[in-house]
Amino acid sequence: MLKTQPLPWAIDTHTLTRAVETVAFEADAAERAALGAYAEVREIKKFEAGVQVIGLSGGRYRVSGRLEADIVQASVVDLADVPATLDERFQVEFWPPELIEGNGEDEPSFEAEPPEALSGAKIPIGAFLCELFSVSLEPYPRNEGDSFAWQAPDESNAHPFAELIRLRPKTGDGGDG
């Protein structure tokens with residue numbers, strides 16, 4: 001099941017007036033809660049992004065910036081709180097969808113990030129930041145010193161039903177029960 005993006009933030013390209021436009025975003029409590037549910041994070045204490053938008057030729061835009069977040073995840077060891085700080089820098093281009101589909105490349109390049117699609121005349125920066133946030137999370141969070149203490153099973157009762165036999169009620173006649 002695909003989840004709905006919780007941050008509907010967008011930059012209207014019609015309102016860009018300078019060659020380099022700077023825009024700041026900060027999630028409010030409701031947006032942080034929705035993003036936490038989306039990314040399955042216990043708590044998001046801070047979620048901020050500062051972006052710079054540069055207009056390129058052909059209706060394309062280069063967006064660069066920094067995402068900062070203070071979060072709390074659940075430890076995979078004991079479910080205790082694991083506080084973390086994310087500080088991610090990014091640069092991505094947004095192109096009209098028709099330019100992405102017809103860019104003439106048969107083989108995708110693994111050296112360059114593919115462009116993201118504009119949504120009409122809007123840069124869907126909220127959706128991009130949600131995805132960046134999700135892939136930046138620690139997949140197996142744990143606190144320092146946490147470890148999985150695995151113990152080998154007791155092999156003294158090699159019979160598969162040994163424990164069940166031990167639990168069987170005792171009868172006084174020595175019969176099968």
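Reader: Okay, starting with Trp 9 and Phe 25: buried or exposed?
Author: Both Trp 9 and Phe 25 are buried. Just keep in mind that this is a predicted model.

Reader: Got it. How many aromatic pairs does the structure hold?
Author: There are 5 aromatic pairs. One of them is Trp 9 with Phe 25, which is stacked, with 5.1 Å centre to centre and 15° between the planes.

Reader: And where do those two sit in the chain?
Author: Trp 9 is in the segment before strand E1 (11-12), while Phe 25 is in strand E2 (residues 20-26). They are 16 residues apart, and the pair links distant parts of the chain.

Reader: What about Phe 94 and Phe 128, why is that pair edge-to-face?
Author: Their planes are at 80°, and over 60 counts as edge-to-face. The ring centres of Phe 94 and Phe 128 are 6.2 Å apart.

Reader: Which parts does that pair tie together?
Author: Phe 94 lies in strand E5 (residues 81-95) and Phe 128 in helix H3 (residues 125-136), so the pair ties together parts 34 residues apart in sequence.

Reader: Why does Phe 128 count as buried?
Author: Because its relative accessibility is 12%, and buried means under 20%. Phe 94 counts as buried too, at 1%.

Reader: Back to Trp 9, which residues are in its cluster?
Author: Ring pairs link Trp 9 with Phe 25, Phe 47 and Phe 133.

Reader: New topic: what lies over the face of Trp 95?
Author: That's Arg 60, at 5.2 Å from the ring centre.

Technical notes. Residues are numbered from 1 along each chain as its sequence is written. This is a predicted model: local features need pLDDT of at least 70, side-chain atom pairs count only at pLDDT 80 or more; totals for chains, interfaces and linings use all residues. Side-chain values use heavy atoms; hydrogens and water are left out. Rings of Phe, Tyr and Trp (its six-membered ring) pair if their centres lie within 6.5 Å; planes under 30 degrees apart count as stacked, over 60 as edge-to-face and the rest as tilted. Helices (H or I, at least four residues) and strands (E, at least two) are DSSP runs, numbered from the N terminus. Buried means under 20% relative accessible area, exposed over 50%, partly exposed in between (1.4 Å probe, protein chains only). A charge sits over a ring if NZ of Lys or CZ of Arg is within 6 Å of the ring centre and within 35 degrees of the ring normal.
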